[in-house]
Amino acid sequence: MHPALYTIARALLAGVVFVPLFHGSAFAAQTATPDFSGLWARTSLGYEKPLSGPGPIENRNRRPNGASNLSNLAGDYTDPRLKPEAAATLKRLSEWAQRNEAFPQPSNQCLPYPPPYIYSNNQEIQILQEKDRVTILTMFDHQFRHVRLNAQHPANLKPSWYGDSVGHYEGDTLVVDTIGIKLGPYPMVDILGTPFGPALHVVERFRLVDAATARAFAERGERENGVVAGLNGDGVEINPDKQDKGLQLTLTVEDPGVMTGAWSGTVTYRRPIDDWAESVCAENTREYYAGKDTAIPVAQRPDF
Amino acid sequence: MGLRVLFAGFVSCAALVSWAHAAGAPASLPDMSGAWARLTFGFEQPKSGMGPIGRYQNKSNVGGNFNHPNLTPAASQIVKDRGAMLRGGVDYPNPSLNCYPMISPYIFRVQEFQIVQKKDEVVFLFMQDHQVRRARLNAQHPANLKPSWYGDSIAHYEGDTLVVDTVGAKLGPYPNVDMYGSPYSDALHVVERYRLIPYDAAKAAQEKNIRDQGPVATEQAASVDENYKGSGLQVEFTVEDKNVFKAPWSASVTMRHAGGWVENVCAENAFEYYSNKITDIPTAAKPDF
């Protein structure tokens, strides 16, 4: 080989050793935002109990296998954490449900689902991550919430259906903080009807978990809360690929006017097989608890 | 000598790596992200060719022009019936009134929307009743297409333009394709073209639409950021539906940066803007069944 070529070859070889190290070090120094893109689904409703600490209010009515009986909702109004007025509201709704009638709640009134109710009563979400904003889409009635990244709640906050949400990343975790949730006519934090007040404060922490952890939490959630088919008959089916990571949401909820102390719960999602399902409240007549469609009154001509 | 060799090698390889990254980097896409708003409901007429059917008369709450030559006889009758109902003081059933999803281009009556551009899809979020449409990038419509509320949308970029193609719209109980009462059928095909335009052009287009279609409609509470002097967004769409229109027609809407995002909840809104009162929603002391 010509001496000059030999020199060039040595130089390139040296560079090959140095440059990847330099670029690799430079890449490692950047903090990668976790990638939550894609669809996330689960086959149950309600919250998974925390591994420790106070959890959500439970359904007093259980199936023989111990799972929550979603066809007979009776929030535990005897939970000692509940303030008297909140306990009375939950008792009234429980007794309403015992008459085999659905008490009004956002999902059957086509109203927005505030957090954390929006997770208690949903089976699929999608997170759209942009540089200054995260948008969280939820399947039931095609809803979405905006989260302003690295921002503050405004000083003069006007209550709104979804509240004011600000977020930031802590390593591999997206943290979302929400206050200012409007009460509306049916304020509740879960499908049992546990009410909320103007001081409601919700913190959501999203992070990816390995496939085995996701499966373990999701299956425990199914044992605790039962398995439901999707609304409108569109079932949410989990992709059986055992290698897929899961997405775990940890919720911490505090509402001093309603309950003593904060409580936590999780919702663990996995990848669905199917595409996003359209779920339209104004169309949905499915009485999932009775396995039939509601007989909506019809009229030949308007009354007014 | 050794250090000079090492330095030369480093420089050479850094250049090679940079070139490789540069060669593999995607071409820049138009940045349409963010929230866009306008203050009117009506469509802008196309620069040329067939436009929308327009109003029956040049005033509000009169219904669509059922005499428009582009309507098929059956569609003309529907527009006529809906207009008669509206002139009688009662709004005809439509997705906005009845809290149903809105097909394109009817959905462009919503005065604010947000675009989120991802690598494999574009997501459109609409202010009115928190609606969501998705367009899969560089994809095909499926061979066995099940009709859905928003139809099946696919998209691709043509230089500075995002092109969205939608078929497979579900009819639902109140099929409306525009604000004039025109229905649609299962043959509906809509192509939307999104393009950033200069501030002056966007402002001029919005002001012309207010003069043509006005007045400014405030009940949706959308607002335009008057301090933002950057690009606007123009959406041109072409509609074909052989069962309703004899020929395809086009129109556009021009948006500017929004002043803020507004919650607009159909189940809550009982305001009859045209008669300036709250709708008398039927109430019952006890359930009938």
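# Close-up views of a predicted two-chain model

**Figure 1. Leu192(A) and the residues around it.** Setting aside residues up to four places away in sequence, Leu192(A) touches Ile57(A), Asn59(A), Leu73(A) and Gly75(A). The view, like those that follow, is taken from a predicted model. Leu192(A) belongs to the loop that runs between strand 6 (173–179) and strand 7 of chain A. Ala212(A) is 20 residues from Leu192(A) along the chain, and 30 Å separates their C-alpha atoms.

**Figure 2. Helix 5 of chain A and its buried face.** Helix 5 of chain A covers residues 211–225. From the first C-alpha to the last, its 15 residues reach 21 Å, close to the 21 Å expected at 1.5 Å a residue. Which residues of this helix are buried? They are Ala214(A), Phe217(A), Ala218(A), Gly221(A) and Asn225(A). Viewed down the axis of helix 5 of chain A, these buried residues fall within an arc of 95 degrees, and therefore they line one face of the helix. An α-helix has 3.6 residues a turn, so residues three or four places apart point the same way. The cover over the buried residues of helix 5 of chain A includes strand 7 (201–209), strand 8 (246–254) and strand 9 (263–269) of chain A. After the helix comes Gly226(A), with a positive phi near 85 degrees.

Figure 3. Helix 4 of chain B is formed by residues 199–213. Its 15 residues should span 21 Å at 1.5 Å a residue, and the C-alpha atoms at its ends are 21 Å apart, which agrees. Ala202(B), Ala205(B), Gln206(B), Asn209(B) and Gln213(B) are the buried residues of this helix. Down the axis of helix 4 of chain B, the buried residues fall within an arc of 95 degrees, so they line one face. Asp200(B), Glu207(B) and Arg211(B), on the other side of helix 4 of chain B, are exposed. Among the elements that cover the buried residues of the helix are strand 7 (189–197), strand 8 (232–240) and strand 9 (249–257) of chain B.

**Figure 4. Val253(B) in strand 9 of chain B.** Val253(B) has its place in strand 9 of chain B, one of the strands that cover the buried residues of helix 4 of chain B. Arg38(B) is 215 residues from Val253(B) in sequence, yet their C-alpha atoms are 8.3 Å apart in space.

**Figure 5. Strands 1, 2 and 3 of chain B.** Strand 1 (residues 34–37) and strand 2 (residues 112–117) of chain B run antiparallel and are joined by 4 bridges. Gly34(B) stands opposite Ile115(B) of strand 2 of chain B. Strand 2 of chain B also pairs with strand 3 (residues 121–126) of chain B, in the antiparallel sense, over 5 bridges. In that pairing, Phe126(B) in strand 3 of chain B is the bridge partner of Phe113(B). A hairpin of 3 residues connects strand 2 of chain B to strand 3 of chain B.

**Figure 6. The largest nonpolar core.** This core has 109 residues. Those with the most contacts inside it are Ile136(A), Trp36(B), Ala37(B), Ile103(B), Phe113(B) and Leu125(B). Helix 2 (residues 84–98) of chain A supplies the largest share of the core, 5 residues. Beyond neighbours within four places in sequence, Ile103(B) is in contact with Tyr150(B), Gly151(B), Ala169(B), Val177(B) and Tyr184(B). In soluble globular proteins, nonpolar side chains tend to be buried together.

**Figure 7. Chain B and the confidence of its prediction.** Chain B contains 4 helices and 11 strands, and 38% of its 289 residues are buried. The mean pLDDT of chain B is 85, with 83% of its residues at 70 or more. Over residues 5–26 of chain B the pLDDT is below 50, and this stretch has 25 contacts in the model beyond near neighbours in sequence. Residues 280–284 of chain B also have pLDDT below 50, with 2 such contacts. Where pLDDT is low, the predicted coordinates should not be read in detail. For the complex, the predictor gives an ipTM of 0.80 and a pTM of 0.82.

Conventions. Residues numbered from 1 in each chain as written. Chains lettered and ligands numbered in written order. Predicted model: local features only at pLDDT ≥ 70, side-chain atom pairs only at ≥ 80, totals over all residues. Core = buried A, V, L, I, M, F, W, Y, C linked by C-beta atoms within 7 Å. Buried ≥ 20, exposed ≤ 12 C-beta atoms within 10 Å, placed from the backbone. Helix = DSSP H or I, 4+ residues; strand = E, 2+ residues; numbered from the N terminus. Contact = placed C-beta atoms within 7 Å. pLDDT = per-residue confidence, 0-100. Pairing = 2+ DSSP bridges. Expected span 1.5 Å × (residues − 1). Arc of directions from axis to C-beta.
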